[in-house]
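Subject: Structure handover

Dear colleague,

My notes on it come after.

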Amino acid sequence: MYVSAVLTPPLASSTVVDSSEAARFVACLEVSEEPTNNWIVELWYGHKGAEWQSAAFTPATSSELTLYDASKQSRRKKCLYTLMLNSTGNPNPLQFTLRFKLQASHSWIWIRDQTHLGDGQIIFRRPEIAASVSFDSLFSDPDSALSVKKIRSGVEGVELFDVESAAPALDDEWSTTNMGAPVSLEHFYALVKIRAPWMGPRQGTTKFDVDEDTLLAGWLRSDGRHVVVLAISGLGFTTNYIRSESGRVLLNARNDSGKPQSHRALVATGLDWHSAISAAFDEARNLLRQWGVTEETAPPEMEPLWRESWYDGLGYCTWNSLGRELTQDRVLNALQDLHDKGVFVSTVIIDDNWQSLDNQRRWDKFEANEYFPNGLKGLTSEIKRRFKYIAHIAVWHAIVGYWEGVSPDGWIASNYKCTTIKWRGGHDVTIVDETDVDRMYNDFYRFLKSSGVDSVKCDVQSALSDFDHAVDRKRLGHAYQDAFKVSGLRYFQARVIYCMAMIPDTFFHSLLQHRGPTVLLRNSDDFYPDIPDSHPWHLFCNAMNNIYTSYLNVLPDWDMFQTSLPEYAGLHAAGRCISGGPIYITDTPGSHSLPLIEQMGATSIREPNRLVVLRPAAASIPLDPYVAYNSNRLLKVRSAYGAVSMMAVFNVSTDENSELISLSEFENILDGKEYVVRAQTTGEIFGPATPGSDKVLVSLTLQVAGWEFLSAVPVTKRADFEVGVIGLVSQLAGAAAVTQTWIGDDGTLTKIQVQLKALGTLGFYISDLEDRNIDDMFAILAGSPVPVHTVQKSKSDKRVLEVDVAAAWKELGLQTRWSNEVVLQFFL
């Protein structure tokens with residue numbers, strides 16, 4: 001007999017509950033044989049330091065709880081049990097696990113033996129926690145030289161401290177100060193330097209312990225308060241990282257200024273981890289403005305009805321697709337292969353190996369190498385002649401020219417002043433001097449533009465922090481950042497990708513202030529198609545890195561991927577669609593999954609050969625930053641578009657995993673509003689439900705590498721039915737195709753008006769659809785009646801009506817000359 005259990009609040013994590021409220025536990029038993037009602041289910045629990053005891057669950061009634069099964073495991077029945085526990089007045093967290101057995105059995109089955117999940121924890125948050133706190137209540141035994149200044153936070157409910165101590169000017173060495181040990185730490189997360197160019201997550205419990213340079217750290221205390229520490233860099237040519245030693249939080253500073261500066265960090269604390277981070281980043285921007293750090297701005301772009309940018313189309317990158325053997329013919333053949341398979345990309349990124357180099361991997365001249373016999377302009381001209389729907393062509397280059405800098409005997413060295421510096425432990429490298437780097441970038445980007453290039457991917461940007469000596473980092477670092485940024489604005493309107501740029505100096509000097517156009521930032525280490533273990537980590541790392549990068553003036557770029565990748569392609573696609581960033585592929589010729597590509601975007605209204613990628617309006621964030629990689633917990637990443645909330649759920653562990661998901665876990669859910677939840681892989685609708693009550697739960701089981709894309713759609717109550725606009729039903733983030741919705745009366749009929757930015761099959765939730773006749777409904781698309789045969793009831797859910805807007809648009813011969821949006825009116 002098969003039997004398994006799932007518990008909420010979940011195991012292996014801490015859940016905060018107000019002490020005035022009881023904690024509700026829900027256990028879901030999944031069994032393969034009847035009868036299913038003769039199980040004894042118990043919570044085994046106890047406060048830290050106290051004896052444990054048991055409490056019995058009772059079967060849940062239908063009036064108490066409704067469970068929807070999003071996984072549909074065959075021949076398995078799910079049974080729900082509930083239990084309420086009140087706060088006992090003990091200030092320590094309540095730890096718990098689950099056990100169950102058949103009534104006739106003498107042996108308990110412990111959930112930890114099945115799932116390998118550690119104990120869960122309830123923190124009963126008491127009213128006094130909302131009172132003002134002191135720095136000493138957050139950290140114990142800080143350095144006496146530490147200066148702490150409490151400052152006003154711009155985020156309600158968050159208290160903020162500016163922490164600093166003297167950082168002497170040391171030649172190419174680091175100095176350290178001790179902020180103290182976190183008080184009452186239960187769980188922590190940290191975003192650390194996993195390699196020189198890249199950032200990645202770490203999680204832990206009880207004791208703060210990070211073994212790499214850390215940019216941002218946060219923890220949950222045993223009283224339910226969250227604390228965030230943001231290391232501040234970029235003030236006075238000083239770089240600060242967070243480190244740890246024996247559980248203490250250290251600030252590690254490298255002062256390149258030549259005079260005394262500061263170890264510096266911002267500490268924010270509140271009852272919500274996300275609000276605390278927001279307050280810290282807001283104050284970081286204030287500090288930069290006080291120090292006079294400003295940014296260049298660009299002229300406003302022409303904006304259609306919805307803000308359409310170069311990253312709104314599907315992109316193609318040559319790197320994993322074609323590798324190092326890059327030639328004009330191979331690029332053109334790859335694009336022809338995509339075209340022949342019906343994959344219409346609007347942006348092409350010509351990656352590494354197009355540049356002219358010497359035999360030691362050093363940059364020689366602006367023009368492309370001998371494998372592009374007609375030059376760069378010859379390639380771009382042929383691309384635009386053969387593939388007229390390709391709107392943007394980008395090229396790759398390194399921030400200092402190429403991986404090993406500039407050829408000392410090449411054309412660039414003879415036309416621009418160059419300097420030779422020590423790099424990465426005594427290695428000599430030649431690069432353009434800071435006195436000429438602005439002129440070089442201006443000329444290079446002017447050449448690229450004249451050659452038909454309109455965007456760039458600037459790589460190896462972490463090299464600027466790898467120069468051996470402070471004098472070189474100081475004189476060259478900002479000069480290169482500014483030259484790249486200004487010329488990118490001047491010639492490409494900031495159509496640029498920052499790559500291998502996850503270093504504090506770039507974040508604080510170039511990307512933190514929210515001025516000027518939004519740029520793209522590579523958000524993690526590379527996509528490695530041939531390393532299976534790298535794929536779930538890639539998703540996890542990007543989701544956690546979004547915690548930091550979502551506060552920069554960037555769109556997080558989760559890197560290219562291959563749509564035909566065995567097992568993991570869907571995982572990557574769902575990740576890109578929830579990320580909030582661009583979507584581009586690197587399929588090898590002949591290897592494409594057109595169905596998967598079509599799930600990531602929809603057909604443009606103005607250009608039939610253009611795919612508009614669909615994604616949330618803002619960068620996504622993980623639901624719980626304390627969930628560790630391969631911890632047998634599901635990774636939940638959420639965002640929103642308009643009134644619709646989206647959540648992508650991933651199994652990034654090596655075993656099957658199950659969880660119960662409630663409406664309150666979605667982003668931007670409004671109190672008093674009813675929602676239905678739709679599962680993308682099955683098309684099923686769950687609910688309706690209201691937030692707060694949590695009377696509706698969705699059971700989700702994911703296999704290894706499994707994923708699901710959920711959308712919480714608000715519904716509007718009419719006289720005797722409810723209605724909601726789902727979005728395009730075939731696309732993962734199909735709600736992002738809807739730019740405006742209006743539901744109201746039109747005489748005796750209900751009128752639903754939807755504005756779309758892409759064509760596809762539009763779904764409506766109608767609560768009583770099963771009892772309705774399609775002939776009694778009608779729709780108007782761009783002023784023309786929609787053919788009846790393009791409207792049907794969904795085969796996936798009896799409450800979903802589908803209107804094939806793309807088919808109706810084509811059949812009616814509709815066109816738009818100026819707008820990239822279309823209005824559909826539907827009458828019930």
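This is a predicted model: local features need pLDDT of at least 70, side-chain atom pairs count only at pLDDT 80 or more; totals for chains, interfaces and linings use all residues.

Residues are numbered from 1 along each chain as its sequence is written, and side-chain values use heavy atoms, with hydrogens and water left out.

Aromatic contacts

Rings of Phe, Tyr and Trp (for Trp, the six-membered ring) pair if their centres lie within 6.5 Å; planes under 30 degrees apart count as stacked, over 60 as edge-to-face and the rest as tilted. By this rule there are 37 aromatic pairs. Phe-366 and Tyr-416 are a tilted pair, because their ring centres are 6.2 Å apart and their planes stand at 35°. The two residues are 50 apart in the chain, with Phe-366 in strand 26 (residues 363–368) and Tyr-416 in the loop between helix 6 (411–415) and strand 28 (418–423). Helices (H or I, at least four residues) and strands (E, at least two) are DSSP runs, numbered from the N terminus. Phe-366 is buried at 8% relative accessibility, and Tyr-416 is buried at 5%; buried means under 20% relative accessible area, exposed over 50% and partly exposed in between (1.4 Å probe, protein chains only).

Phe-778 and Phe-827 are stacked, at 4.6 Å centre to centre with 15° between the planes. This pair links strand 50 (residues 778–781) to strand 54 (residues 822–827), the two residues being 49 apart. Phe-778 is partly exposed at 40%, whereas Phe-827 is buried at 7%.

One aromatic cluster includes Phe-366 and Tyr-416, with Trp-363, Trp-411 and Tyr-441 also among its members.

Two arginines sit over rings (CZ of Arg, or NZ of Lys, within 6 Å of the ring centre and within 35 degrees of the ring normal). Arg-99 lies over the face of Trp-108, 4.1 Å from the ring centre, and Arg-772 lies over Phe-721 at 4.4 Å.

Pockets

On a 1 Å grid over the protein atoms alone, a pocket is an open set of points where a 1.4 Å probe fits, with protein on both sides within 12 Å along at least five of seven lines; lining residues have an atom within 4 Å of a point. Grid points are joined across faces, edges and corners, and a volume is the space filled by probe spheres set on the points.

The largest pocket has a volume of about 1,600 Å³. It is lined by 48 residues, with Thr-15, Val-16, Leu-623, Ser-664 and Glu-665 nearest its centre. Strand 2 gives the largest share of this lining, five residues.

The second largest pocket has a volume of about 550 Å³. Its lining has 29 residues, and Leu-555, Gly-580, Pro-616, Ala-617 and Ala-618 are the closest to its centre. Strand 38 supplies the largest share of that lining, four residues.

A buried strand

Eight of the eight residues of strand 18 (residues 214–221) are buried, so this strand is largely enclosed by the rest of the structure. Two strands pair if DSSP finds at least two bridges between them. Tyr-189 stands opposite Gly-218, and Leu-216 opposite Leu-230. Strands 18 and 19 form a hairpin with four residues between them, and Gly-224 in the turn has a positive phi of about 95°.

Regards
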